[in-house]
Amino acid sequence: MPSHPLRDRTAIVGVGYTEFSKNSGKTTLGLALEACYKAIGDAGLEVTDIDGVATYAVGDSTLSYVVADALGIEDTAYFLDHLGGGSASQSTIAAAAMAVHSGVATNVLCYRALNSRSGFRMGGTGREPRTAGDAQYQSPYGHLAPGQAVAMGARMHMERYGTTKDQLGAVAVTFRQHASMNERALMRTPITLDDYHASRMISDPLRLLDFCLESDGACAFIVTSAERARDLPQPPVYLSGVGYGPGRTLYSKAWMDPTESGARFMAPRLFGMAGVTPADIDVACIYDAFTYMVVVQMEDLGFCSKGEGGPFVASGALALGGSLPTNPHGGHLSEAYIHGYNHVLAAVEQLRGRAGPRQVEGAEVALVTGAPGGAGIALPPQCNGLVLRR
Amino acid sequence: MATNVSRPLPLPDIDSRPFWQGAKDGKLLIQRCPSCRSFRWPPRDFCNVCYTPGGDWTQVSGQGVLLSWTVQHHLLHPGFADEVPYVVLAVALDEDRRCQLLGNLRRATAEELQAGMAMEAVFEEASPEITLVHWRPRRD
């Protein structure tokens, strides 16, 4: 089979990030500027080299043209303001890769900046709930936060496959262990399964420690062509595969089954483009807004069979030193919640070989995913992911 | 604790107005494709099975099966301060399991719930304009 035309043709050559915190004391514009200038500097480029700007938001951040103006970029050949959170995150980098490879732009800056703790919180505070559109069939019943949707998906998975709370807890415990080695992580104190079970019930069957953090911060990346990447100071991290997938919503034509996610549609395309199989993945950064999302993605991405996600995540496979080291930075559960972008940061850091005590030895191929797509009742359905290699 | 903060209420639109009017009249109205007769939820201008425009508003039985549920302990909105913990559930209608409605549980506790159990609609006035559709286990 001929190689996919986009495989390894573009690369991430610069990364920048702010402190991750509960209260940045800055605007999302201020956060974006800091991360963007750092990424441009890390790439060994000048502001004048940037001719594309891409971001995503859920009405909680600063638009790309505002950031471009404030950075001092005078001409943008490409821009993107994608609506969405985890359902959009890595797709913005995919879009940058397509813009670069097609010749529309040369060096594209991608950023996500949010005050998702001190400002608008996905968990339901900071602005009034939506009651128009499809939300009119949800909000009046107090169905207001993603955690409720995922809780209903998790319950179905538990009923159908016997997935246990211990198995969900194992995800939280493993990622916290990883975060304990990460100076950027907001939650660094190791936890036990007992701590997990003792944590406050939020959306039964999900407890506090099944939920990710809500945090303030920004991450930024520079995407350029593979050719230009080789002349820049950082070791290139090639975009081997970019993937998108649908999920089912409560309102899809096809039967919506929250024990399955859009990742099962995306995985063959994503791995196929990259020319890899799940067995080739050295390190995975899996979107973990909730523990259950990791369980369902492990199945749908092909790391274990359907229904075996619970035993798989509790087997030790996800630990550093396990068969699939996952979220070595601590993930959204314990590092911070930068809507999928801190997962890209973690993957790049691993492939540059600069992850310090949490480095996966010899990591060459990394998988990064955004929200799984569906996997809950009334959640945005799209999913997205990247396969990166050094 | 009593609260004066009102709960979020639906903002009916051109697509959904007949549904909410039906609920106010104590009827569960669902669109049905004039061509292929598929039931459709939520209200849309076109059938996504056969792509025909329009939908016939049809009263359905108000009976379905429980897909899943969550018990919300954490207060997300001050309007629900008197309700926590409350159950949000998803019910698939008997007429077409692809029609899946959310609601709250009425006249039962979460402990009684089992996936797949038979449920029926309960109409409850939320304001002078809006009646919400909730669900209770069917007791035949």
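B:P85 sits in the loop between β4 (63-72) and β5 (86-93) of chain B; strands (E, at least two residues) and helices (H or I, at least four) are DSSP runs, numbered from the N terminus. The peptide bond joining B:V84 to B:P85 is cis, with omega about -10°. This is a predicted model, in which local features need pLDDT of at least 70, side-chain atom pairs count only at pLDDT 80 or more, and totals for chains, interfaces and linings use all residues. Residues are numbered from 1 along each chain as its sequence is written, chains are lettered from A and ligands numbered from 1 in the order written, and side-chain values use heavy atoms, leaving out hydrogens and water.

Chain A also has a cis peptide bond, from A:D204 to A:P205, with omega near 15°. A:P205 is found in the loop between β5 (201-204) and β6 (206-207) of chain A. Most peptide bonds are trans, and most residues other than glycine have a negative phi. A:A378 is not a glycine, yet its phi is positive, about 70°. A:A378 lies in the loop between β10 and β11 of chain A. At 19% relative accessibility, A:A378 counts as buried (buried means under 20% relative accessible area, exposed over 50%, partly exposed in between; 1.4 Å probe, protein chains only). B:R37, not a glycine either, has a positive phi of about 65°. B:R37 is placed in the loop between β1 (29-32) and β2 (39-40) of chain B. At 37% relative accessibility, B:R37 counts as partly exposed.

The largest nonpolar core has 52 residues. A nonpolar core is a set of buried Ala, Val, Leu, Ile, Met, Phe, Trp, Tyr and Cys residues joined through side-chain atoms within 4.5 Å. A:I281, A:M298, A:F303 and A:L367 have the most contacts inside this core. Elements of chain A that each supply at least two of its residues include α4, α9 and β10. Leaving aside neighbours within four places in sequence, A:I281 is in contact (heavy atoms within 4.5 Å) with A:F271, A:V276, A:F303, A:L324, A:V365 and A:L367.
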